[in-house]
Amino acid sequence: MQPSTSDIHADRVLILDFGSQYTQLIARRVRELGVYCEIHPWDASEDELLAFGARGYILSGGPESVTQSGSPAVPRAVLEAGKPILGICYGMQTLAASLGGRVEPGEVHEFGYAEVRARGHSALLKDIEDRVNAEGHGLLDVWMSHGDRVVELPAGFKVIASTGDVPIAGMADESRAIYALQFHPEVTHTRQGQRIYERFLHGVCGLGSAWTAGNIIDDAIERVRAQVGTGRVLLGLSGGVDSSVVAALLHRAIGDQLTCVFVDHGLLRHQEGDQVMQVFAMNLGVKVIRVNAADRFYGELAGVDDPEAKRKVIGRLFIEVFEEEAGRIQNVDFLAQGTIYPDVIESAGAKTGKAHVIKSHHNVGGLPERMRMQLVEPLRELFKDEVRRIGLELGLPADMIHRHPFPGPGLGVRILGEVTRQAADTLRLADHIFIEELRRAGWYEKTSQAFAVFLPVKSVGVTGDGRRHEPVIALRAVETIDFMTARWAHLPYELLDVCSRRIVNEVKGISRVVYDVTGKPPATIEWE
């Protein structure tokens, strides 16, 4: 392995995206091994590909079939660059087709677990195995997801892996450092997947490991100082992970040149506003202006019950309040934002028409012209897990950094129907009890997102000698890796019983508690 360089972007890998649901996971695996990488579409221009200066290429999987005319192909510039290449699934098939091999629809499709035998003592797979069979051959437990298969190798290639159903499950031209695998080493089901990526990056490509949390912080501080100089920076601090890490990073870089505006819209979690001020203003010494705008938000949300309309009211008001406060601060030159790399990828895909727009990202796409400030986006290159790591490195509390996701409109989208102060106060306390009990039982870390929902229905309840007709609280907890799909968390009945009894007994005006047992799909994670 070559020694790491002071330029943390020098050792870089380009991932060509052919439409796989796992492409971002590939990038995260590469970053975890200390190597900087970016994701570009497979049909990026030749100038863009060459300008990136990759020291290695990874070709993702994808939903297409190379047997169909006009299917995505490996750019000629990549094949002629003379740099190591690793093709994954569709990436293997398009490599084979582009280099003179042959791909056909498979008689047997492989989806899910497969046992692969490593062959040929390749530099990529040699001595990487889960076990050895009676003949001494190395075997790997992997995850497959393909219908087509390579049936004829391109000239100069050899077989490096096979299964009982697919004789060519991996191929290599080691003289040109081109490797390809039919299975997905990036998913956790491929148990030795990270070792395979490590072998490719450090062994085949000869890359170092400079992409670390400490180096990322040092690099970001240097770039912020170079961009900002003596200018003043304004940041809208929400208390979420991204904006919190930006605040801590900018404070370390430029100190009192940073001013944060924290708009408290009355739709935050239990005591969250006070916690934000405690961490940043008191503990870290960050200059934070807290704007208590709850009355204004509740006033404009009165009578609004449509989910999208509520989001628009909350979003518009947030910007108005922030801009009003910003207008009171003199000589501000820069606006900081918590844009992260998945925002950039999704927004770029939307612009080119290569991705479906599920939601718009408020951090990408420019500023209102009237604000006339330059953007500072120190997290723009980072995935969420990297943001969390540097947040811990910067000294932010672990419970803040590892909190479950929280929607931008806050409790406004967890109160079904009209948003009122009473509903928000009720939901806030019920949600707090639920999260408190999950933590106490050791289930908070086991779930990916958990929260309570205020339902606009009333249920008959009995307390003591009286009957009451009061609202219902729904509890929701899910387990997921990528938030694209999720299964409902199978919480113990005893835990749900404790949550239900505490909420009904301690939260005034709740008659009933229910638990949501719907996965995604068919449901979304949030109720609105």
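**A walk through the fold**

Among contacts in the chain between residues at least 6 apart in sequence, 75% link residues at least 24 apart. Keep in mind that what you're looking at is a predicted model.

Let's start with the overall dimensions. The C-alpha atoms fill a box of roughly 80 × 60 × 40 Å along the principal axes. For a chain of 528 residues, a compact globule would come out with a radius of gyration near 24 Å, and the 26 Å found here agrees with that. In terms of secondary structure, you can count 15 helices and 19 strands.

Of the 528 residues, 54% count as buried. The chain still exposes about 23,800 Å², and carbon and sulfur atoms supply 49% of that area.

To see burial at work in a helix, zoom in on H12, which spans residues 384-393. Its buried residues are Asp-385, Glu-386, Val-387, Arg-388, Ile-390 and Gly-391. What do these buried residues of H12 pack against? Their partners are helix H1 (23-32), helix H6 (213-228), helix H7 (241-254) and helix H13 (398-401). Just after H12, Gly-395 takes a positive phi of about 95°.

For a strand, have a look at E17, residues 466-479, which is where Ala-474 is found. Ala-474 counts as buried because its relative accessibility is 0%, against a cut-off of under 20%. Which residues does Ala-474 touch, once those up to four places away in sequence are left out? The list is Phe-451, Ala-452, Val-453, Leu-455, Val-514 and Trp-527. Tyr-515 is 41 residues away from Ala-474 along the chain, yet the C-alpha atoms of the two are separated by 5.6 Å.

Finally, the cysteines. How many disulfides does the structure hold? The number is zero. A disulfide would need the two sulfur atoms within 2.5 Å. Cys-205 is also buried, because its relative accessibility is 9%. Cys-260 counts as buried too, with a relative accessibility of 0%.

Key. Residues numbered from 1 in each chain as written. Predicted model: local features only at pLDDT ≥ 70, side-chain atom pairs only at ≥ 80, totals over all residues. Heavy atoms only, no water. Buried < 20%, exposed > 50% of the residue type's maximum accessible area, 1.4 Å probe, protein only. Helix = DSSP H or I, 4+ residues; strand = E, 2+ residues; numbered from the N terminus. Rg over C-alpha atoms; globule rule 2.2 N^0.38 Å. Contact = heavy atoms within 4.5 Å. Areas by Shrake-Rupley, 256 points an atom, 1.4 Å probe, with all protein chains shown as cover.
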